[in-house]
Each structure stands twice: as structure tokens, then as C-alpha cells.
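Subject: Structure for you to look at

Hello,

Please find the structure below, followed by my notes on it.

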Amino acid sequence: MVDPLSQNRLGIQEQVPLAPMTTIGIGGPAKYFAAAHTREQLQALIAWARARDLAFFVLGGGSNLLFGDDGFNGLVIHMQLKGIDSVPLDDGRVRVTAAAGENWDAFTAYCVAKGWAGISCLSGIPGLVGAAPIQNIGAYGQEVAQTIFAVTALDLESGTIQRRNNADCEFAYRDSIFKRRLRGRAVVLSVTFDLKPGGTPQPTYPELVKRLDGQLDLATVRETVLAIRREKSMVADADDPNARSCGSFFTNPMIDAAAYAAFQERCPTDHPAWPMDGGRVKLSAAWLIERSGFHKGYVAGGAGLSQKHCLAVINRANAKASEILALKETIQQGVLTTFGIELEPEPLLLSEDPIWSKNC
Ligand SMILES: Cc1cc2nc3c(=O)[nH]c(=O)nc-3n(C[C@H](O)[C@H](O)[C@H](O)COP(=O)(O)OP(=O)(O)OC[C@H]3O[C@@H](n4cnc5c(N)ncnc54)[C@H](O)[C@@H]3O)c2cc1C
């Protein structure tokens, strides 16, 4: 039995549409929904859900997930913890801690304005700071794992607050311990970065290096990254139909040497491929998708591909989650048939997820 008094005190609303809280604009209602502005509120909301045997789900900026058409049958907690602190280190760097509810791009702008180098190439990535370590966000040759010192999270099993140093976060390409072993078991409260005051950015991404033309100050790097991202509809922009997406819908596949040899047999012509640790090779998901017949602007009912970027699945016209998932299957099958390569989705697809699907 839900206690209306405690529900009011915690600001819990009922039947709240989730679609407007996501960049792709899709999803049925949350049975219960509340914002957590403090750690105490977060813990009280979790206790409220547990006392009622309800599932709870932590939502950031909604830019890397797809809610199902039936929404979420539990409590959605919107992460709203705020605050940025910094301390100078003896080695000249600065240790900066940002709360999980800070906007990621605003945080990069803040660091650039302070002259702190380390995350300027990650400007313009939608979402909140707390989600940045989950999939080790990356763009234009930088990954957030390169500057994260530690991640502080509420462990949902023990109820304790734990700080994990970088080495214990198991960061990899679009991956971390929070996406694997601690998935659904830890709520990120804050992220601590070691940044370099007065540092010169060292961009490596060819398109960015070319556009910068030797102007290596943080503000120019940030503005140039933002300009490139806008051209590709890769910034959150409610007025841009090509940005109604979860960003890249598939990760670049990493395959071992044997699989790469098999791939080369099927595809002897020029194809993008990057050697990685342990003899593995990274292929371009965008290239594979396009060469399998899914061009930019591809239409599949209300769903489709961005006209700027064939890696971004978009909500073209009031798409249902089921249409997005159907297009995902079609693309995966097409790439598998053409190249023998399995594409992995990048965003969390709640209605297909082993942890969350039972609440969708
Ligand atoms: C236009 C566009 C461009 C993009 N470009 C890039 C890019 O260049 N590089 C890149 O890496 N990504 C990119 N993304 C993906 C996305 O922006 C990032 O993954 C971002 O970090 C997601 O943040 P969010 O706050 O929106 O997370 P959400 O989508 O709200 O959540 C994503 C997952 O993280 C979990 N989560 C969120 N906050 C917390 C928390 N505090 N504690 C525990 N779990 C939490 C959620 O439960 C969910 O499982 C792009 C997305 C869009 C729409």
C-alpha cells in the first residue's frame, strides 16, 4: 500500500511520461517518478521503492537509453545532485570533483574556461556527469577514462558509499565495471578528474587536427569540436530531427585476429580498421552499416537513420520503441549476412535488457 504522505514528501509523481526526458523522445510512462537533489533524498527514494518491493531505475540525461513503449513499472529516479569542487595537487594538476547531476557539456565548458586541459575534446556529448564513466564516454580521440581519478558511488547491496580509483573501474572502449558487474548495483554520486591547468590539448583525431590548423588552445578545441558535432547532428538539439537519437546506436566491433582474417576474406577491399591491444582489431560500425545497404537517411516507418550519420538511429516521425528495435534487428542481420560481423547496440535498451525488461 503506497503511503500518500511520504510519497508527497519525497516529491514522487505518478504516471510521468518518459519520452520527453530522453533525447530520442520515446518511452511510455514511469509508474512513479522523482528527482534526487541530495544523497539523503536519493537514499530515501531507494528505501521508499524497496519498502514497496518496486524496481527503481536511475535516469541521467536520457541520451543513451531507449525506454519501452509501456514505460517503467517502478520508480524512475532522476539524478539531480549538483556541485563542483577542486583542489590543487602538488604535481601542478588540479583534482576536480563534479556531482553526478551536473550537465556534462556545462562541466566541460567550466573546465575549459578555467584553463584545465583533459576533457575539451569531449565537449558537446549530451547527458550528465554521473553517466560519463558508465560507458567511458569518448570522442575525437579522447576518452573520459584518461582523466578520471576516481568514481564515488552508492553500492546498492551494502548501502555504503564506495570510492573506486581509476584502475578499479575496469575502463575499456565504451565500457566499465558500472556497465558490467555493477550494472544496476551502483549509483554514481560524483566523478573526480585530474586535469592540467594551462595544459595544451593534443588532439589526434585527423578531422579535428585539420580543422584546428595548429590553433591548440582549449577554447578553440572546444568550439571546433562543437562545430563538427553540430554539423553531424551529434549535439542534443530538440529542433534538429537528426539529433532525435541516442547518438551512435552501435559500438565499433572489436574482433580477434582469426575473426579479422575471416573478415578480410569476405572484404578484401579497403576498409577502416584499427589495431588494438592483444592482437584485436577495431572495425568501423558506420562503414559496415553503410556497406550493408543502410545509407544515411534510410527510412523504416517512424524510425530511420540520420541524414548526417548512418550510425545514429533516429525517431523520424513519432516512432515507437518497437520500430527502433525492429530497425536495430534489420541492421544487425544485414551486417551479419554481408560481413559475418555482429554489431552490439551502444544504448541501454530497457525492454530487451535482462535486468530491466521485467519492469517494462
Ligand atoms: C546526439 C548524441 C551524441 C552522442 N555522442 C556521444 C559521443 O560522442 N560519445 C559517447 O561516448 N557517447 C555519446 N552519446 C551517448 C550519451 O550522450 C552518453 O553515453 C552519456 O554519457 C549518457 O549520459 P546520460 O546522463 O544521458 O545517461 P542516461 O541515458 O540517462 O543513462 C544511461 C545509462 O547510465 C545509467 N546512469 C545514468 N546516470 C547514472 C548514475 N548517476 N549512476 C548509475 N547509473 C547511471 C542509466 O541507468 C543508464 O543505464 C551521444 C548521445 C546523443 C543523443
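This is a predicted model: local features need pLDDT of at least 70, side-chain atom pairs count only at pLDDT 80 or more; totals for chains, interfaces and linings use all residues.

Leu195 touches Arg93, Val94, Val96, Cys111, Trp116, Ala117, Gly118, Ile119 and Thr147, leaving out residues up to four places away in sequence; contact here means heavy atoms within 4.5 Å. The residue lies in strand β13 and, at 0% relative accessibility, counts as buried. The cut-offs for that term are under 20% relative accessible area for buried, over 50% for exposed, and partly exposed in between, with a 1.4 Å probe and protein chains only.

Residues are numbered from 1 along each chain as its sequence is written, and side-chain values use heavy atoms, with hydrogens and water left out. Helices (H or I, at least four residues) and strands (E, at least two) are DSSP runs, numbered from the N terminus.

Ser190 also lies in strand β13. Ser190 is buried, with a relative accessible area of 9%. Beyond its neighbours within four places in sequence, Ser190 is in contact with Thr97, Ala98, Ala99, Ala100, Val151 and Thr152.

Next, Arg163, which belongs to strand β12 (residues 161-165). With a relative accessibility of 53%, Arg163 counts as exposed. Its contacts, neighbours within four places in sequence aside, are Phe149, Ala150, Val151 and Thr152. Between the C-alpha atoms of Arg163 and Val191 there are 9.4 Å, and the two residues are 28 residues apart along the chain.

Now to helix α3. Which residues of α3 are buried? In this helix, residues 104-114, they are Trp104, Phe107, Thr108, Cys111 and Val112. These residues cover an arc of only 135° around the axis, so they sit on the same side of α3; the arc is that of the directions from the helix axis to the C-beta atoms. Their cover includes β6 (84-88), β7 (94-99), β8 (116-117), β13 (186-197) and α5 (218-231).

Both ends of α3 have something to note. At the start, a side-chain oxygen of Asn103 comes to within 3.0 Å of the backbone nitrogen of Asp105. Just after the helix, Gly115 has a positive phi of about 80°.

How do α3 and α5 pack, and at what angle? The angle is about 155° and the axes are 9 Å apart. Axes are lines fitted to C-alpha atoms, for helices over the stretch in contact, and angles run from 0 to 180 degrees between N-to-C directions. The two helices are therefore roughly antiparallel to each other (under 35 degrees counts as roughly parallel, over 145 as roughly antiparallel, 65 to 115 as roughly perpendicular and the rest as oblique). The crossing of α3 and α5 is left-handed, that is, the near helix is turned anticlockwise from the far one by less than a right angle, clockwise being right-handed. Asp105, Thr108, Ala109 and Val112 of α3 make the contact with Leu218, Ala219, Arg222 and Leu226 of α5.

Arg222, in helix α5, is buried, with a relative accessible area of 11%. Setting aside neighbours within four places in sequence, Arg222 is in contact with Asp105, Thr108, Ala109, Val112, Ser120, Ser123 and Gly124. The C-alpha atoms of Arg222 and Ala109 are separated by 7.9 Å, the residues being 113 residues apart along the chain.

Two residues other than glycine have a positive phi and may be worth a look in your viewer. Gln15, in strand β1 (residues 13-17), has phi near 50°. Asn136, in the loop between β8 and β9 (138-139), has phi of about 45°. Asn136 is buried, with a relative accessible area of 0%.

Last, Asp353 is found in the segment after β20 (348-349). Asp353 is buried, with a relative accessible area of 8%. Apart from its neighbours within four places in sequence, Asp353 is in contact with Arg183 and Leu348.

Regards

Note on methods. A polar contact is a pair of N or O atoms within 3.5 Å; within protein, one must be able to donate a hydrogen and the other to accept it, and residues adjacent in sequence count only if both atoms are side-chain atoms.
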